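Subject: Structure handover

Hello,

Please find the structure below. My notes on what was found in it follow.

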Amino acid sequence: VTEGDGLWVRNARAAVAAPPNLAPQEAKFLIAKQKYLEYLEAGKITAALHVLRNELAPLNPELDSLHTLSRSVVLRATSKLRADCIPPQSHDVFGPC
């Protein structure tokens, strides 16, 4: 993102609604964050965790940002587990799981 075709870098920054004077480290964070959120939306929890662990965390963002992102994967996994284990019309707390 920080090297190569300058037009591509400007387009990538515009795609994540980043200001033109954004530091390269911040641009990397925003792009990795978008990738993480897209994996979550697609239900690809393992891929999202990989991005969180190997792309976002090494950038040393503020801990609150990292915690918010990690909570989103837990909430996503929990809601998927509930959907898989408890039928919509059931009031059975234990469900079939």
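S70 is partly exposed, with a relative accessible area of 24%; partly exposed is the range between buried (under 20% relative accessible area) and exposed (over 50%), using a 1.4 Å probe and protein chains only. This is a predicted model, in which local features need pLDDT of at least 70 and side-chain atom pairs count only at pLDDT 80 or more, while totals for chains, interfaces and linings use all residues. Residues are numbered from 1 along each chain as its sequence is written, and side-chain values use heavy atoms, with hydrogens and water left out.

S70 lies in helix α4, residues 63-85. Helices (H or I, at least four residues) and strands (E, at least two) are DSSP runs numbered from the N terminus. Leaving aside neighbours within four places in sequence, S70 is in contact with Y36 and L52, where contact means heavy atoms within 4.5 Å. S70 and L49 are 21 residues apart in sequence, and their C-alpha atoms are 8.2 Å apart in space.

L49 belongs to helix α3, residues 45-56. With a relative accessible area of 27%, L49 is partly exposed. From L49 to Y36 the C-alpha distance is 7.7 Å, at a sequence separation of 13 residues.

E55 is also found in helix α3, and its relative accessible area of 27% makes E55 partly exposed. The C-alpha atoms of E55 and A32 are 6.4 Å apart, and the two residues are 23 apart in sequence.

Next, the packing of α2 and α3. Two packed helices are described by the angle between their axes and the distance between the axes. The axes of α2 (residues 24-41) and α3 come within 7 Å and cross at roughly 165°; axes are lines fitted to C-alpha atoms, for helices over the stretch in contact, and angles run from 0 to 180 degrees between N-to-C directions. The two helices are therefore roughly antiparallel to each other, the term for angles over 145 degrees. On the α2 side, the contact is made by F29, A32, K33, K35, Y36, Y39 and L40, and on the α3 side by I45, A47, A48, V51, L52, E55 and L56. These residues divide into 11 nonpolar, no polar and three charged. Here Ala, Val, Leu, Ile, Met, Phe, Trp, Tyr, Cys and Pro count as nonpolar, Asp, Glu, Lys and Arg as charged, and the others, Gly among them, as polar.

Finally, the totals. The protein chain has four helices and zero strands. Of its 97 residues, 23% count as buried. Among contacts with a separation of 6 or more, 38% come from residues 24 or more positions apart. The chain exposes about 7000 Å², of which carbon and sulfur atoms supply 58%; accessible areas come from the Shrake-Rupley method with a 1.4 Å probe, and for residues only the protein chains shown count as cover.

Regards

Terms used
Parallel < 35°, antiparallel > 145°, perpendicular 65-115°, else oblique.
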